[in-house]
Amino acid sequence: MNPGQTIYERLGESAGLRSIIETFYGKVVQEPLLAPLFPEDIQPVIERQHQFLTQFFGGPTLYSDLHGHPMMRARHMRFPVTNERADAWLACMNAALQENEVEDELREFVIARLRGPAYHFVNTP
Ligand code: HEM
């Protein structure tokens, strides 16, 4: 592992991240706790998540350039995010990283970075 690399680079930059996110939403729409929250056309969500995670993991600031300050917790307020949904979200992401053959050490690091925000977005008991 090259310590000088960003997470974005280690995940395979734009194409690597896109593949992980496509696998991830394929799981989200099959997950009974999560699917009802998402629109039928998941493609725009994939696009915005790609922009956001690019920036979150140290790549170009695509999301802020297009949508302004992320304010991610606020953007989730119109959806009932429970602890169980945060667990399910992280489980889908963990499985997507495994399916994309991200090495264990990097996968665990990525999940650890996402765990904070996921539980921070919980807004419903
Ligand atoms: C904790 C469980 C989570 C749930 C249940 C959840 C659910 C959702 C839902 C329903 C949407 C809106 C889809 C739409 O456009 O209609 C959304 C958007 C989004 N979520 Fe989450 N999310 C969760 C965690 C996260 C985490 C941990 C991140 C990243 C750190 C994240 C990043 C995003 C982004 C970037 C968008 C698009 C925002 C936009 O509209 O610009 N979410 N999420």
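## A cavity, a pocket and the ligand

By class, the residues that line the largest cavity comprise eight nonpolar, no polar and no charged ones. The structure in which this lining is found is a predicted model, and a search through the whole of it turns up one cavity of 30 Å³ or more, the volume of the largest cavity being about 30 Å³. Its lining is made up of Leu11, Leu17, Ile20, Leu53, Phe57, Met93, Leu97 and Val110, and the elements that contribute two or more residues to that lining are helix 2 (13–28) and helix 6.

Helix 3, helix 5, helix 6 and helix 7 each provide at least two residues of the pocket lining, with helix 3 giving the most, namely six residues. Sorted by class, the lining of the largest pocket has 19 nonpolar, two polar and four charged residues, whereas the lining of the largest cavity has no polar and no charged residues.

The next step is to look at what surrounds the ligand itself. The ligand has 20 residues around it, and the closest of them are Arg48, Gln49, Tyr63, His76 and Trp89. At least two residues of the shell come from each of helix 3 (43–56), helix 6 and helix 7 (104–120), and helix 3 gives the most to the shell, with four residues. In terms of class, the shell around the ligand consists of 16 nonpolar, two polar and two charged residues.

In Arg48, a polar side-chain atom lies 2.7 Å from an oxygen atom of the ligand, while in Trp89 an N or O atom of the side chain is 3.4 Å from a ligand nitrogen. For His76, the distance between an N or O atom of its side chain and a nitrogen atom of the ligand is 2.8 Å.

Which residue of the protein provides the single donor to the iron atom of the ligand? That donor is His76, through its NE2 atom, which is 2.0 Å away from the iron. His76 belongs to the loop between helix 5 (72–75) and helix 6 (83–99).

Notes:
Residues numbered from 1 in each chain as written. Predicted model: local features only at pLDDT ≥ 70, side-chain atom pairs only at ≥ 80, totals over all residues. Heavy atoms only, no water. Donors = N, O, S within 2.8 Å, 3.2 Å for Na, K, Ca; no water. 1 Å grid on protein atoms, 1.4 Å probe; cavity = no way out; pocket = protein on both sides within 12 Å on 5 of 7 lines; lining within 4 Å. Points joined across faces, edges and corners; volume = space filled by probe spheres on them. Nonpolar A, V, L, I, M, F, W, Y, C, P; charged D, E, K, R; others polar. Near = heavy atom within 4 Å. Polar contact = N/O pair within 3.5 Å; in protein donor to acceptor, adjacent residues only side chain to side chain.
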